[in-house]
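Subject: Structure for you to look through

Hello,

Here is the structure you will be working with. Please open it alongside this email and follow the residues as they come up.

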Amino acid sequence: MIKTNKDLLQYYNKITKESSKNDLEIIVSMGTCGIAAGTTPVLDELKKGIQEKGLSNKVTITESGCMGLCHSEPSIEVIDHKASKSIVYGDVKPEHALDILSNGVNPINGPTLINRTWYYPEDESKKENCPQARVVLRNTGRINPESIEQYIMQKGYQALGKTLCEMSPDDVVKSIMDSGLRGRGGGGFPTGKKWSLAKAVSADQKYVLCNADEGDPGAFMDRAVLEGDPHAVIEAMAIAGYAIGATKGGIYIRAEYPLAIKRLQIALNQAREMGFLGKNIFGSAFDFDIEIKYGAGAFVCGEETALIHSIEGMRGEPSFKPPFPAVAGLWAKPTIVNNVETYANIPAIIRKGADWFKTIGTPNSPGTKVFALAGKIKKVGLVEVPMGTTLGDMIFKIGEGIRNDREFKAVQTGGPSGGCITAKSIDTPIDYDSLRALGSMMGSGGMIVMDEDDCMVNIAKYFLEFTLDESCGKCTPCRIGNTRLYEMLDDITKGRGTQQTLFKLRDLAHVIKDTSLCGLGQSSPNPVLSTLANFIDEYEVHIYEKKCPAGVCRELIQYTIEADKCTGCTLCARNCPVSCISGERKQPHVIDQSKCIKCGVCYEACKFHAITKN
Amino acid sequence: MTQESSCCNGAIGSDNVLNMYPEKRKLLKEYIDVLPIGDDRNFNKGFLIQTLHKAQEIYGFLPESVQLFVADQLKLHVSAVYGVISFYSYFTDKPTGKYKINICTGTACFVRGAGRLVEEFERYLGIKEGETTEDKKFSLGGLRCVGACSLAPVVMVNDKVYGKVTTKMVPEIINDCE
Amino acid sequence: MSNTVNVTINNMPVKVAPGTTILEAASKLEIRIPTLCHFKLDTFDFEHRTGSCRICVVEVDGKQNLAPACCTPVHEGMNVKTNTIRVINARRTILDLILSDHPKECLTCEQNGSCQLQDLAAEMGLNKIRYAGKTSTYKIDLANEAIVRDMNKCIMCRKCEVACNEIQTVGVLSGVNRGFNATVGTVSNRPLSDTKCVFCGQCVAACPVGALSAMNRSYDVWVALNNPKKKVVVQTAPAVRAALGEEFDFEPGTSVTGKMAHALRLLGFDAVFDTDFAADLTIMEETTELIERVKANKNLPLLTSCCPGWVKFFEHQFPDLLHIPSSAKSPQQMFGAMAKTYYAKKIGIDPSDLIVVSVMPCLAKKYEASREEFSREGVRDVDIVISTRELAGMIKEAGILFKNLEDQDFDNPLGESTGASVIFGSSGGVLEAALRTAADWLTGEDLEAVDYEPVRGLSGIREATVKVAGMDLKVAVTSGLGNARKLLEKIQKGEADYTAIEIMACPGGCLNGGGQPFIHGDTSILDKRRDAIYAEDKGKPIRKSHKNPDIIKLYDEFLKEPGSELAHKLLHTKYITRDNT
Ligand SMILES: Cc1cc2nc3c(=O)[nH]c(=O)nc-3n(C[C@H](O)[C@H](O)[C@H](O)COP(=O)(O)O)c2cc1C
Ligand code: SF4
Ligand code: SF4
Ligand code: SF4
Ligand code: SF4
Ligand code: SF4
Ligand code: SF4
Ligand code: SF4
Ligand code: SF4
Ligand code: FES
Ligand code: FES
Ligand code: FES
Ligand code: FES
């Protein structure tokens, strides 16, 4: 049990000294993502190798969270502590294990050598040539998330100790306010202001909630943090509790994140055992504990009032604000809801100060932002950059450009609430205000890159379909209006669109934004409006020429075999799932258009490029 | 969730699934018994969603008889329980197949062709998304991002993840289930 | 904080209290803002801000989006515009969207003429649906005698859900599904008849459209009236006369008893009787039971049992208390029983050739009349129940100019009534009527004082200790099943030492029944109906049930005495435990 700030420092010194680590540390990326990509067999091989070679006194294995190198999972980092050297490998296979064990930080053949593009705040010297700064992800992928000692060795819980022993609640709120930290859950509301509102209300009970619902499809930042550094969130929530005067906390997490849930549970138990949660934390009068609450598959429960209703055991329907949760939230008590990533910033801000934090990022959006960079990008991954980094740097420097050398077309930020940003805005610095000015939004950090093969009408339709699926159905504009938007987009992609459709689409989109009850409806037309603004020509081709330029909308495309190029190899006919290609061997083949389901299999199969799509 | 009721012959809860498996009922009862349930319906509601998770884990789905039992134990109206079940996509009041095939339709998977995969699975199994084959072997569903976007498009069969799936792999994946 | 805030709406300044909504502030300036989902019942101090329909949006300076007037509180210096092109356009679009998923069946809709959506569409004059698309397809629930649910017409205002769960705490309705498929439903979308619905009809009263409506039986009445082989008699409940006039442009609160009797005769009923007569009978039986229980000090408090909604409620939800409600049938069923026995015999016809029609403020009465125990040898005591609204419809259909009708009296012998029975129509009336009779019986005197003011009123739980024959009787009166639940829970815990409690399912009692003309949230109409009822009581020469000469005659000729064996057979009932699901 840690009873005072001093206890913690002593303990920190003790374990740091004792753990004068083995020469070699091998960090294995064991997030859901890494495991899915096959890290477990690599880990097994490494363990086996250590056993067989009797290296257990020389080599330590750390099963960490995700390193963010999605593009090259399974990934590992090998660190030689004596030599202060390290090397990161991607695409590691079990058969590389022995080689790695014997070569340490000397590169081996086989796995991909990863070129680091990030630095850590304690190591500013490595900033050079590193577009990424890992503040939120300072421990993710570096420590074992199931070990509280490792968290403490990274100065964990020192911020909590500092707040409880040296700061008044007002001081805490002030330093968060001064840091300029804005909510990372999407809205960008100043965190310090939210806390001060909740603090100002007097009540017998208040609540601190963590929004770990992460519903944006194609985003996984919060999962990575919870799987990789759960204590950071716990520590931050306790700090928030102290600041606003709450003794109870809750983490609302998607049921789809079993590993994160497991690691959180372990971390909560450890924190309780060490006395960082429970009664009289750090010997102060402050009590605080945290419960885990599960989502059950509803994107709208990421909206804070819906989240609260869901915790209360109700349908996750948002309600009108005011009253704001800070005044009347969970069980009608003052409640703050903050995002996982927002919390993960807090301990660092408290430890290193608001001024330090403001040195990163831009004046209006200080700090960093974590993004899940995915889609048609070469280096899919989890990246954390200082605010103000340009989209271009994200996509071309960190993401290394578009896969298969296709043409970059657009990038979608903000998920279903956001918009598409095109090549002409590629130099925009990423911060809350500039993205909003482009008709998109920061969102929680999903960043999906699209290339020339993506039909923008179809993309808008995809997001609308998502909205329809996830709308709670409470208010008219969202329940019926979005259905109508979707139907109009569907018409356009199926060749039934007219000029009227285009007018109606735009009119309705504006009214839905203007009148919906919650953020979901208020932002759901954004993908439509931003594609209309940036890709109107694509809409027009669908409508007037009944063609899909990207070749995606199957009602508008046709596969035909060019007789002069066809060698009659029969490959297409053998592959067609509905057997609608006929022709003699060595004779040109033909497609029966009435039967073709436009699956594109023949198109991909033909080695002679004899099949055209138009 | 469909708009028509699934089971409207006989009284509410007459499907009787609850009592068909006494050991399952016992598990669920034991789970609920340790919850601090009181007389205040609104307070008890706070335990509803976790109880439904447990009940679905035990029974595989949430038929009326189980809904009724949960309502009764937590002193809630069964309509409220049904209202919650029908809201959250994680809960279902219909039995699902032995193999739950879920195609990720998160944005990353979508731009890498998840839509085509859905269609191919539908065609191959002869069922639509959200349905279960007649032999109760396969259910087809969607999910939004499992966080393995680098492997997009991703298909999950129960807990197993298939990455970089193409339409050609569909028969293989189905065969894998045997 | 100052006690008023200054707000400008459409360039007009107004001072209002902090926390006032834009809607309320606008109404102070006599600016009307359309609403559909806003649910506020002043008399019951009840408000629910769903904010779901969005028809009430207005423009507020400095706000990025339009604001729903019904739930946005004003703030100092707020500048609101309710009629800009942005607002008009949004409002029209919202209406367009609602109509795009709405069966436009006004001409055949039960709500035709009193539908808030129809009114709004008329006001706003959309000339076509711009955003047509797919529509909902729900099966219509026609499986019970009282209520028709056609969710295809639902606009998701959620008032029914709130009425059922929060006001009535019956809890059979919930939002179900989500997105476009979201609707209000029951467990597994079962018919109401499979649930613990008590058919109080408060959901119907709340519904702004025709998604919830009464099962209309007026055609069956026409058929009966035109069947030469049958004798058709009608009874009308106390609360009907206090509201029927509203359907014919009378000021709310105008009693139209005499015109109603006349109109019924014009419709062709062979005899026009009064449920009030049976209400006096109820008092005779119930008061006898009360005095017995008080003397034996057993099974107290006695709960009144004349409201079938309330009866079904305790049968489902409080099966452990089935021994305390009075076993006396409701006036409607007492009337039916007397008509099919005493009256049939008197006029010399077979009960199966007599058709008893009731006109009720109530939908639960439709269900009550169908309960098995209320028929003998396959002949129902009450054959057809229509609501106040259905009667109004029939009068209009028959071309009767109601407004100009001369007053007429009810027929005898089941038409004579006292002031005591008249007040059955309001919350508190049954108990007051019982007290009037109990006081006389216990003292053996004919007491002057008949007004028991403390039990009067429409809202909350009213308690009083009344001195009757030297005894302190602690009584309580409430209406609305949510209030009833509170009282019953107190009884269960042994915290209630009442002697008698009156409970009515509908907030305010039958004058606010599910079959009454719609008030669409204007509860001042209820207060006026109540005043009309008490005025009628005051004007009656006889104001105590046991003084009703025809009641005295009925006992002399037929029932012998209150609580006799025959009275028990015909006028009392038993309760059964029902599923609490
Ligand atoms: C439809 C909708 C979905 C949302 N989903 C999330 C989410 O998944 N995670 C999240 O942190 N915030 C989400 N938000 C934002 C939250 O409502 C809330 O603003 C946020 O959790 C506040 O935390 P922050 O200030 O730390 O960002 C969502 C908002 C809306 C309207
Ligand atoms: S905007 Fe959509 S999600 Fe939000 S309350 Fe309205 S219907 Fe529900
Ligand atoms: S597109 Fe598909 S269905 Fe059509 S011909 Fe080619 S393989 Fe056959
Ligand atoms: S695969 Fe190509 S070349 Fe071969 S038969 Fe088909 S179209 Fe002709
Ligand atoms: S509910 Fe109203 S608008 Fe709809 S059909 Fe009936 S009367 Fe017409
Ligand atoms: S006037 Fe209008 S409502 Fe009347 S019949 Fe002609 S079209 Fe119909
Ligand atoms: S009739 Fe009464 S009990 Fe039945 S659903 Fe309506 S409000 Fe609820
Ligand atoms: S049924 Fe009527 S009261 Fe209920 S939600 Fe629909 S429109 Fe509103
Ligand atoms: S209070 Fe009157 S109108 Fe309402 S259910 Fe009871 S008897 Fe019917
Ligand atoms: S590898 Fe874990 S998030 Fe990409
Ligand atoms: S979507 Fe047009 S669809 Fe190409
Ligand atoms: S979008 Fe499919 S795994 Fe992320
Ligand atoms: S009346 Fe205001 S939102 Fe419905």
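Below is what was found, taken part by part. Please keep in mind that this is a predicted model.

Chains A and B

I start with the interface between these two chains. In it, 58 residues of chain A are in contact with 37 residues of chain B. About 3,600 Å² is buried between chain A and chain B, and carbon and sulfur atoms give 59% of that area. Three residues, Ala296(A), Arg315(A) and Tyr462(A), supply 16% of the area that chain A buries against chain B, more than any other three residues.

Arg554(A) forms a salt bridge with Glu119(B), and the closest N and O atoms are 2.8 Å apart. Across the interface of the two chains, 21 residue pairs are in polar contact.

Which elements of chain A give two or more residues to the side that touches chain B? They are α2 (32-37), β10 (289-294), α12 (304-311), β12 (368-375), β16 (446-451), α17 (456-470) and α24 (601-605) of chain A. The largest share comes from α17(A), with eight residues. By class, the residues on this side of chain A divide into 32 nonpolar, eleven polar and 15 charged.

A helix in chain B

Next, look at helix α5 of chain B, residues 64-74. Nine of its eleven residues are buried, so the helix is largely enclosed by the rest of the structure. Among the buried residues of α5(B) are Val66(B), Leu68(B), Phe69(B) and Leu74(B), and also Glu64(B) and Gln67(B). The buried residues of α5(B) pack against α1 (17-20), α2 (22-33), α3 (41-45), α4 (48-59) and α6 (78-87) of chain B.

Lys75(B) follows α5(B) and is placed in the loop between α5 and α6 of chain B. Lys75(B) has a positive phi of about 60° although it is not a glycine. Lys75(B) is partly exposed, with a relative accessible area of 38%.

Backbone details in chain A

Glu214(A) is not a glycine either, and its phi is positive, about 20°. Glu214(A) lies in the loop between β8 (207-212) and α9 (221-228) of chain A. Is Glu214(A) buried or exposed? Glu214(A) is buried, with a relative accessible area of 5%.

Chain A also has cis peptide bonds to look at. One runs from Glu73(A) to Pro74(A), with omega near -5°; Pro74(A) is found in the loop between β2 (59-64) and β3 (76-80) of chain A. Another joins Lys321(A) and Pro322(A), with omega about 0°, and Pro322(A) is found in the loop between α12 and β11 (335-339) of chain A.

Ligand 2

There are 13 residues around ligand 2, and those that come nearest are Cys472(A), Lys474(A), Cys475(A), Cys478(A) and Cys518(A). The shell around ligand 2 has eight nonpolar, four polar and one charged residues.

Asn152 in chain C

Asn152(C) is found in the loop between β8 (147-149) and α4 (159-167) of chain C. Asn152(C) is buried, with a relative accessible area of 12%. A polar atom of its side chain lies 2.6 Å from the backbone nitrogen of Tyr138(C). Among the residues that Asn152(C) touches are Asp101(C), His102(C), Pro103(C) and Ser136(C).

Regards

Definitions and conventions: Residues are numbered from 1 along each chain as its sequence is written. Chains are lettered from A and ligands numbered from 1 in the order in which they are written. This is a predicted model: local features need pLDDT of at least 70, side-chain atom pairs count only at pLDDT 80 or more; totals for chains, interfaces and linings use all residues. Side-chain values use heavy atoms; hydrogens and water are left out. A residue is near a molecule or strand if one of its heavy atoms lies within 4 Å of it. Ala, Val, Leu, Ile, Met, Phe, Trp, Tyr, Cys and Pro count as nonpolar, Asp, Glu, Lys and Arg as charged, and the others, Gly among them, as polar. Helices (H or I, at least four residues) and strands (E, at least two) are DSSP runs, numbered from the N terminus. Buried means under 20% relative accessible area, exposed over 50%, partly exposed in between (1.4 Å probe, protein chains only). A polar contact is a pair of N or O atoms within 3.5 Å; within protein, one must be able to donate a hydrogen and the other to accept it, and residues adjacent in sequence count only if both atoms are side-chain atoms. Contact means heavy atoms within 4.5 Å. Buried area is the accessible area (1.4 Å probe) that two parts lose on being put together, summed over both. A salt bridge is a side-chain nitrogen of Lys or Arg within 4 Å of a carboxyl oxygen of Asp or Glu. Lists of a residue's contacts leave out its neighbours within four places in sequence.
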